[in-house]
Amino acid sequence: MILVTGATGNLGRATINALLNNGIKPQDISALVRDEAKGADFKLKGIQVKLGNYDDVESLKRAFQGVNKLLLVSSSSDIVHRYDQHKNVIDAATATGISHIVYTSFDMKDLRESTMAGDVQYHALTTDYLRQVAIPYTSMNNTLYADMVPMIGGKDILKNGISIPAGLGKVPFLPITEMAETLAIVLTTPGHTNKKYVIAAENAFSFAEIAEMMSEITGTRIPYNQIEVSSYVSQLVQQGVSEDDARYLARFAKAISIGEFETNKSDVKYLLGRNAISLKAFLEKLYIK
Ligand SMILES: NC(=O)c1ccc[n+]([C@@H]2O[C@H](COP(=O)([O-])OP(=O)(O)OC[C@H]3O[C@@H](n4cnc5c(N)ncnc54)[C@H](OP(=O)(O)O)[C@@H]3O)[C@@H](O)[C@H]2O)c1
């Protein structure tokens, strides 16, 4: 039995779809949800829905009964709580005898020394804890989602161009569905314990290059505007992002600008046995309906 946490979110849901597409039977998949109503569509597919909250270790122990592999999708709760929540999941997994935890970590040059270490070092602490409890684990170091480009690139890219203070730093953006496929492979094939994989595209692009790509895709000139951080924050707030989240995304832009996502490594082709979908193909599909 494979249990997927964060099942109601983008990555968890995509991973469940990838598992089903790979021929795993619905009855061999469990979806962890904290709100039963959100699990209704899983139930319709024959997937087992388990109730559990990262804040409540006893609920997790109940949910993990009969599970042997667990995908721990990193929490989306407030960052200050995430490490303790992940510890709860790992403690419950250890107590219930789970044989393998796959954890969605993050791919940056150095999570602890990052300019945004306060936002991302919980990933390093979580993998340290996995090693400490000595449970077989796999760390999936995900880069930034390609799906985030339209949102972080500014309000109405097609009309206003791309506006983000990210300099010429590059990111190997990868679509969520591709990340999910790598997760499904690691959850269903042998040989992945105590390994770290970089889940990123082979090629990284700057926003200047993405603007050129978008210009080619749309046949109109899409400029790249390297706006000030304060304008970027106001722009995101206008897009409906909260002030805190806008500042958080501005810290990402800064990290991009100083090359923190340029890790120049990818294990996607090795895991999938094919090239990942290119950023251009992904954006084409997104913008040219
Ligand atoms: N690499 C990237 O570019 C990137 C971008 C964004 C986020 N992330 C990280 O990757 C994770 C997965 O991304 P995503 O897009 O799938 O995020 P998402 O759509 O926000 O999904 C987060 C999932 O975590 C669940 N969750 C949150 N707090 C929980 C708790 N206390 N107990 C149990 N479940 C809880 C949510 O459940 P509910 O539906 O009940 O809220 C949801 O299913 C995020 O949580 C975040 O840590 C990475």
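**Close-up views of a predicted model**

**View 1. Helices α4 and α5, side by side.** Helices α4 and α5 count as roughly parallel to each other, because their angle falls under 35 degrees. This is a predicted model, and in it the axes of α4 (residues 79-95) and α5 cross at roughly 20 degrees, coming within 9 Å. The crossing, with α4 passing α5, is right-handed. On the α4 side, look for Ile79, Arg82, Tyr83, His86, Lys87, Ile90 and Thr94. Their counterparts on α5 are Asp119, Tyr122, Leu125, Thr126, Tyr129, Leu130 and Val133. Sorted by class, this contact has eight nonpolar residues, three polar ones and three charged ones.

View 2. As a reminder, strands of a sheet pair through backbone hydrogen bonds, either parallel or antiparallel.

View 3. Five bridges link strand β6 (residues 137-142) to β9, in the parallel sense. To find your way around, pick out Ser139: its bridge partner in β9 is Lys196.

**View 4. What surrounds the ligand.** Which residues come closest to the ligand? They are Gly6, Thr8, Gly9, Asn10 and Ser76, out of 24 residues that surround it. Helix α1 (residues 10-21) supplies the largest share of this shell, with three residues.

**View 5. Where α10 meets α11.** Helix α10 (residues 229-238) and helix α11 (residues 243-257) have axes that come within 9 Å and cross at roughly 135 degrees. That angle is why α10 is called oblique to α11. As α10 passes α11, the crossing is right-handed. From α10, the contact takes in Val229, Tyr232, Val233, Leu236 and Val237. From α11 come Glu243, Ala246, Arg247, Leu249, Ala250 and Ala253. The class count for this contact is nine nonpolar, no polar and two charged residues.

**View 6. Where α9 meets α13.** Helix α9 (residues 207-218) packs with helix α13 (residues 279-287) at an angle of about 50 degrees, and the axes are 10 Å apart. That makes this pair oblique as well: α9 to α13. Their crossing is right-handed. Met213, Met214, Ile217 and Thr218 are the α9 residues here. They meet Leu279, Lys280, Leu283, Glu284 and Tyr287 in α13. By class, there are six nonpolar residues, one polar residue and two charged residues in this contact.

Methods: Residues numbered from 1 in each chain as written. Predicted model: local features only at pLDDT ≥ 70, side-chain atom pairs only at ≥ 80, totals over all residues. Near = placed C-beta within 6 Å. Helix = DSSP H or I, 4+ residues; strand = E, 2+ residues; numbered from the N terminus. Axes fitted to C-alpha atoms, helices over the stretch in contact; angles between N-to-C directions. Parallel < 35°, antiparallel > 145°, perpendicular 65-115°, else oblique. Left-handed = near helix turned anticlockwise from the far one by under 90°. Contact = placed C-beta atoms within 7 Å. Nonpolar A, V, L, I, M, F, W, Y, C, P; charged D, E, K, R; others polar. Pairing = 2+ DSSP bridges.
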